[in-house]
Each structure stands twice: as structure tokens, then as C-alpha cells.
Amino acid sequence: MSALTASAIADLLARLELAPENPGAFDGAWIETTGARVESLNPATGEPIAAVRSCSPEEYDRVAAASLRAFEEWRTWPAPKRGEIVRQVGEALRAHKEDLGLLVTLEVGKVRTEGLGEVQEMIDMADFCVGLSRQLYGLSMHSERPQHRMYEQWHPLGPVGIITAFNFPVAVWAWNALLAAVCGDSNLWKPSQHAPLTALAVTRIAARVLAANGAPAIFNLAFGDRRAVGGPMVQDTRIPLISATGSVAMGKQIGRDLADRLGRAILELGGNNGILVTDDADLDLALRAVLFAAVGTAGQRCTTTRRLLLQKGIAAEMKRRLVQAYGSIRIGDPADPATVMGPLIHANAVADYRRALETAVAQGGRILHGGKVLDRPGFFVEPTLVEAIPHMPITCEETFAPILYLFEFDTLDEAIALHNAVPQGLSSSIFTLNMRSAERFLAATGSDCGIANVNIGTSGAEIGGAFGGEKETGGGREAGSDSWKVYMRRQTCTINWGETLPLAQGVKFDL
Ligand code: UN1
């Protein structure tokens, strides 16, 4: 039984102007797409919510052409005016927060508070981008030549291709699209095959703001799989930058294709995030953080904690507390506000969960808690604790499911070495009350990840920082700090206001 009745779902879809059958492309108007029909399933029941029709390659082409035309006008708008449009997008998202949050819950199975949090992440991004629209600063340099001035300026880049995954079906769009918008770029969104409805709803809301302001249609959408949309987009020389979130295998392919045409990439791929807990840590704090980071979003965040490294003095106590806490996690309908953990996204994710646990046991792991698929409709599994052996191959892989591998260590150096001994490098944390241990973890010889935290978990980053990671995570950075620079082209300008032509490096070239 779902907390969302069929009529509540129908009302929600109607409020967000979603129909049982929806077109899958937008270029300022909705295009009656003719590609494959894809049903979006409610992962809590396995039942279809509504269908979206994919683009054909020709329809993709039409959207890309429109996105380029929109860019050519949008780049002439002053950046603070672009910021004003993004401010209004933020306001529109605020007005639809409840409904959009519920749609995230319905379509990808996030619990209510996380569905709402995802919409809040978009709103936060809008606020950030409004301020940024007045801060796209370049440096000025002192020229080595007399009567010369040097400075750099940042120009819009072009249409940005945005490829998003199911697990953050709209926030990751906002990280990219709203940043791109204030930078003067249009964008072209390829949403996940498993979450097209939230993408359609957000596109409609953002497009309405553009239309009301007479702004060009910079928020475009092309729904379809790799063959229909992803491949053509990555090879499309009209799109100078592709920002892609997804698997390492997908990122490597995109990286290769972009390298072939020297296109720019922002890649945000797999994570295999670890938390270290030292003997002096505040264990209450550590326990709460591990629960959210390992079990939240049913273990389907890039930032999910997948490895817990416990110092020997507290290992037994932490394991005892974890087993107890895992036993009381309320798994079930994500639309029910009391639920803490919802379903996995689809049947294949459940199969991956099963396979990973079988492999872990075969490699010497021992299941401490959980390990079972729930016997109910939808794609529910138990959050699982596995005692692991250092360097067990399965613990070097990212399985998008709530499986936490537990390790023990003696010294901090040993723990940092084990922590870094995986191919991915997204997020990391240490729980300690010892200032030396915390700084050791954050030092250049400490965590090798793009994100390193002290006394908070690996997930739930704020948008104000640059988000992304190293090694197989792909090296890209999105959202806050100076991530915007990748969405613009830097121009170095040197101006001679004198009457002579001195050359740099003292070169003489007199005839
Ligand atoms: C992701 O899983 O791709 O830090 C993004 C977090 C979120 C974003 C996760 N703010 O967990």
C-alpha cells in the first residue's frame, strides 16, 4: 500500500502539467518526438507512472540547433540581467518545491525529506548563481612593457550538454544549467532514462520564466538513450562542453569521444567513499553520520559511504552500535514521512546488490547485518554491513546499493593508505577529536579525494563548494567555488596605449 493513492499521483502529475504520454524534447516548444517510448516506473511499486517518447537523431539535431541559436542571443545579455532570470527560476522552483519534491520521491524513490532536499539544492544553486552573475571576475596583470595593459576576461562558451543520472535527477541539472545560464551559455539536457518526468517538469518551469521575460530558450531538453542522444551530443562540435554524471565506463567513453574532437569535459563518475573513525572520536556523532551517509538515498549517492575504517580500540563498540541501528531502520514506502530508507531504482540494481554480496562472501567477507532482498513489490533491499578484508577486490568497486564494508586499523597512516587504495577519489571523512589526526587526514599526503571532511559524513555536500573528485571519479568540478570558469572561455588581452612597439622578452626586431 502506497501513501500516494492513484488519484494523488494523477493530481500531482496534472499540477506539474505531465500527461500519461509526454513528448521528450524541448527547444522553446515541445517537439512531438518519435523515438522509443519509455515508461517511468515508480520504484516503490514497480508500476509505470507515465511514459515519455525519446528523440530520434533528427529531433536531437533540431534541439541542438535551437540551443545554438539561443546561445547566440543569450550571450549578448549582460551577466547581471542573466542573473535576474536565474533569480526568477529560483523563485519558480520555490513555488513548486512541494510538488517537485514529491515527484522526485515518486519517480526515483527518495524519501520525502531527501526529495525536498533535492529541490532545495536547485534553489540554493539559483541563489548562488544570482550573486555570481555580478562576480565573473578576471584578473588584471602588470605588463612587462611600458604603456601596456594586460587583463583577462571571461566570455560565454556555447551550448553546454548536460547528462544527468537518476539519483540526483534535477539538482545536478541545476549545478550545471544555472551556472551555465549566468555564464551566458545555453544548455541541452539529456536526463536519465529512469527519471524523465522530473526533468520534463523542471524544464517546463524554467522555460516559463524565460518566455515571460522574452529571453531566448536556453533551457533545452533531449530525452533518449546513448544511441539517440548521448552519442550524437558528445560528438557534436556545436556543443563545446559536456558535463556528465554517471558510471566510470560511461565517463571513459565520453572522455575518449570528446578527446577526439578536443571538446571540454566535466566528468563526475563513481565514488567509493570512506570514513575513518579513530579511537578518540565522538562515537555518537560518528554513528549518526555513518547512518545517513551509508543508508541515506538507499546507498545510491555518488557520495554514499561504502567503506568504514575503524580503529581497533573502538571497532567492536562501533560494530555493536551499527548492527543495533541498522536493525531499526524503517524501510518502506518513500512517500510515507516516517520512512528512512526507500527502494533501489530498478530490478537491475537489486541484481547488482545480490551479486556484490555473493562476491563479497566468496572473497572472505562476513555479513554482519542485512543482505536480503525484501519480499514485497518494488525494489527493496536491506541495508547491509559486511566485515571485509583489506583490499578485497569487491570493496574497490562501486555498487550503487546500501552495502557498507567494515575494516579495522591500528595506525592512522595504515588507515589512510587503505583508504586511498581504491580507483575512485570522490569524498572522504575522518571522525576524530584529535587536531593532529584531522590535519594529517587533510594534508597533501592524506585523503586523495576531491572532498575531505572532518566530523561529518561523506555525503550531503553544500553547493557552495566545488563538487567532484579525482582518479576514476573523473576530475570534474561542478556547483560552487570557481567551477564556473569551465563554462566560459578565458581571453587574455594586452593593450598597447603608447606610440612604440616594444616586444616581450626583450626581443629586438628592427629593420
Ligand atoms: C551525486 O550523488 O551525484 O553531496 C551527487 C551530496 C549531494 C550531491 C550528490 N549534494 O551527497
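Begin by displaying the whole protein chain as a cartoon: this predicted model contains 14 helices and 24 strands. Along its principal axes, the C-alpha trace spans about 80 × 60 × 40 Å. Because a compact globule of 511 residues would have a radius of gyration near 24 Å, the value of 24 Å for this chain agrees with that expectation.

**The two domains**

Next, colour the chain by domain. Select residues 23-38, 51-269 and 476-491 together for domain 1, and then residues 273-467 for domain 2. The centres of the two domains, taken over C-alpha atoms, are separated by 31 Å. Where they touch, domain 1 contributes 26 residues and domain 2 contributes 22 residues to the contact.

**The surface between them**

Now turn the view to the boundary between the two colours. Domain 1 and domain 2 bury about 2000 Å² between them, and 65% of this area lies on carbon and sulfur atoms. Select V111, E114 and F166, which supply 24% of the area that domain 1 buries against domain 2.

Which residue does E114 meet in a salt bridge? Show the side chain of R301: the two side chains meet with an N to O distance of 3.0 Å. In general, side chains of opposite charge can pair when their charged atoms come close. The count of salt bridges between domain 1 and domain 2 is 1. Polar contacts across this interface amount to 8 residue pairs.

**The side of domain 1 that faces domain 2**

Select α4 (97-108), α5 (112-132) and β23 (478-479) in turn. Each of these elements supplies at least two residues of the side of domain 1 that touches domain 2. Which element gives the largest share of that side? It is α5, with 6 residues. Colouring this side by residue class shows 9 nonpolar, 8 polar and 9 charged residues.

**Salt bridges in the whole structure**

A search of the whole structure finds 29 salt bridges. One to inspect joins R15 and D99, whose side chains meet at 2.9 Å, N to O.

Technical notes. Residues are numbered from 1 along each chain as its sequence is written. This is a predicted model: local features need pLDDT of at least 70, side-chain atom pairs count only at pLDDT 80 or more; totals for chains, interfaces and linings use all residues. Side-chain values use heavy atoms; hydrogens and water are left out. Domain bounds come from an automatic or database domain assignment. Contact means heavy atoms within 4.5 Å. Buried area is the accessible area (1.4 Å probe) that two parts lose on being put together, summed over both. A salt bridge is a side-chain nitrogen of Lys or Arg within 4 Å of a carboxyl oxygen of Asp or Glu. A polar contact is a pair of N or O atoms within 3.5 Å; within protein, one must be able to donate a hydrogen and the other to accept it, and residues adjacent in sequence count only if both atoms are side-chain atoms. Helices (H or I, at least four residues) and strands (E, at least two) are DSSP runs, numbered from the N terminus. Ala, Val, Leu, Ile, Met, Phe, Trp, Tyr, Cys and Pro count as nonpolar, Asp, Glu, Lys and Arg as charged, and the others, Gly among them, as polar. The radius of gyration is taken over C-alpha atoms; the globule rule is 2.2 Å times the number of residues to the power 0.38.
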